[in-house]
Amino acid sequence: MTQSRAFRSPAKADSEKPLLVCFSHLRWDFVWQRPQHLLSRAVKHYDVLFIEEPIFKAGVKPHMDVSERPQDVTIAVPVLPEGLLHDDIIAEQHDLIEELIGREATKSRVFWYYTPMAMAFTSDLECDLCVYDNMDELSLFRGASQQLLDLENALFARCDLVFTGGMSLYEAKRHRHRSVHGFPSSIDFQHFSQARSIDRDPDDQTHIPHVRLGFFGVVDERMDIDLLAQVADLRPDWQFVMIGPVVKIDPSTLPQRPNIHWLGGKSYNELPQYLSGWDVGFMNFALNEATKFISPTKTPEFLAAGVPVVSTPITDVVRPYGEKGLVEIAKDAKEVVAKTEAILARPKEAWLAKVDRHLAAGSWDKTWASMHKLMLDATGDTTTDHPASSLPVYVATPAE
């Protein structure tokens with residue numbers, strides 16, 4: 001399915017909402033995290049079009065695969081033939097997106113970037129507001145290229161607003177643009193707090209004895225798998241339940257022990273049922289370049305589920321969660337064991353009351369509302385005139 005000029009989903013043919021076009025390196029159906037939380041709320045105010053990275057198939061003609069999701073978000077995936085050169089991949093994506101939404105905005109539209117790489121094929125397309133939701137420091141991830149750094153500079157030059165996924169990332173980026181705002185990971189409290197009242201294990205967890213330490217999320221270079229193995233060896237009577245897809249690392253390198261259970265990916269809706277059966281949440285993040293600025297969404301999700309947490313000293317976990325006594329911080333395997341034993345020995349009620357007081361201050365609804373106010377304020381400034389002719393123009397445009 002393709003449409004030319006002004007994008008209009010069949011389901012939204014009569015809509016008068018502005019268009020929000022999101023360019024993402026993450027797929028909508030992968031793991032339910034920050035983009036899904038925010039954009040599923042943005043649909044109240046915008047027609048949301050979520051453009052993913054291309055997929056490649058043998059013998060196909062370049063086309064855009066467009067589909068709807070229950071959250072009222074439209075997903076568009078460029079489908080390209082295998083074997084294309086890099087420049088041709090960029091050119092094909094540009095042409096497919098231009099055909100879908102039009103080079104010029106025929107109505108008010110917002111470009112919302114999760115990946116600076118999309119600047120390579122969108123820099124000449126017009127928008128009324130440009131937002132960079134910088135949820136991770138992608139340049140520090142495995143395989144990051146110089147091109148990504150160059151395109152992020154171009155995105156900083158183009159965008160009107162920069163949101164960061166945590167406060168350490170805010171501190172790193174706040175001097176690079178005139179309007180940078182820190183929005184740490186928030187919480188869908190109602191969803192995760194279901195875990196507090198569920199008393200039935202999922203089928204693939206029923207046979208696992210207690211004590212259970214659990215992790216959920218993407219299993220990649222940000223996980224300290226050596227620490228997991230060391231703790232599992234120190235306490236062979238404890239069980240480690242690991243949930244999530246394995247990405248960018250060889251699954252054969254994951255530690256295999258009788259007390260480590262790799263259950264694979266689960267849907268967002270299933271998570272509370274798994275968390276309900278865990279005694280402790282284990283956030284065994286590695287301390288490396290890829291985790292330098294992360295603000296794990298799962299921290300408040302564990303807490304909302306009523307699951308006490310032991311974490312490695314990730315900056316955005318130490319502040320505020322560790323400092324407030326909401327999460328136990330451990331830097332090595334022996335400390336993980338000691339902190340877990342302390343959690344298991346203490347009464348839970350006082351800790352949980354403190355958790356609930358902290359979590360009551362934030363929600364994804366409040367985060368989106370704050371972001372949307374900044375967006376409305378930015379579009380109300382009629383004096384701002386951003387050039388929209390070519391990438392070199394953006395590179396040369398001062399951010400201040």
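1. Buried denotes under 20% relative accessible area, exposed over 50%, and partly exposed the range in between, with a 1.4 Å probe and protein chains only. Helices (H or I, at least four residues) and strands (E, at least two) are DSSP runs, numbered from the N terminus.

2. The structure is a predicted model, in which local features need pLDDT of at least 70 and side-chain atom pairs count only at pLDDT 80 or more, whereas totals for chains, interfaces and linings use all residues. Residues are numbered from 1 along each chain as its sequence is written, and side-chain values use heavy atoms, with hydrogens and water left out.

3. The protein chain holds 14 helices and 15 strands. Of its 400 residues, 54% are buried. Among contacts (heavy atoms within 4.5 Å) with a separation of 6 or more, 70% are between residues 24 or more positions apart.

4. Strand 5 (residues 74–81) deserves attention. It is largely enclosed by the rest of the structure, because 8 of its 8 residues are buried. Thr74, Ala76, Pro78 and Leu80 lie on one side, and Ile75, Val77, Val79 and Pro81 on the other; both faces are covered.

5. The pairing of strand 5 may be set out next; two strands pair if DSSP finds at least two bridges between them. Strand 2 (residues 47–51) runs parallel to strand 5 over 3 bridges, with Leu49 opposite Thr74. Strand 3 (residues 55–57) is likewise parallel to strand 5, through 3 bridges, and Phe56 has Leu80 as its bridge partner. Strand 4 (residues 63–68) is antiparallel to strand 5, with 6 bridges; here Glu68 is partnered by Thr74.

6. Strand 4 and strand 5 form a hairpin with 5 residues between them. Asp72, in the loop between these strands, has a positive phi of about 75 degrees although it is not a glycine. At 36% relative accessibility, Asp72 counts as partly exposed.

7. Lys248 also has a positive phi, near 65 degrees. Its place is the loop between strand 11 (239–243) and strand 12 (260–264), and its relative accessibility of 41% makes it partly exposed.

8. The bond joining His210 and Val211 is cis, with omega about 10 degrees; Val211 lies in the loop between helix 6 (189–192) and strand 10 (212–216). The bond joining Arg319 and Pro320 is cis, with omega about 10 degrees, and Pro320 is in helix 10 (residues 315–322). Most residues other than glycine have a negative phi, and most peptide bonds are trans.
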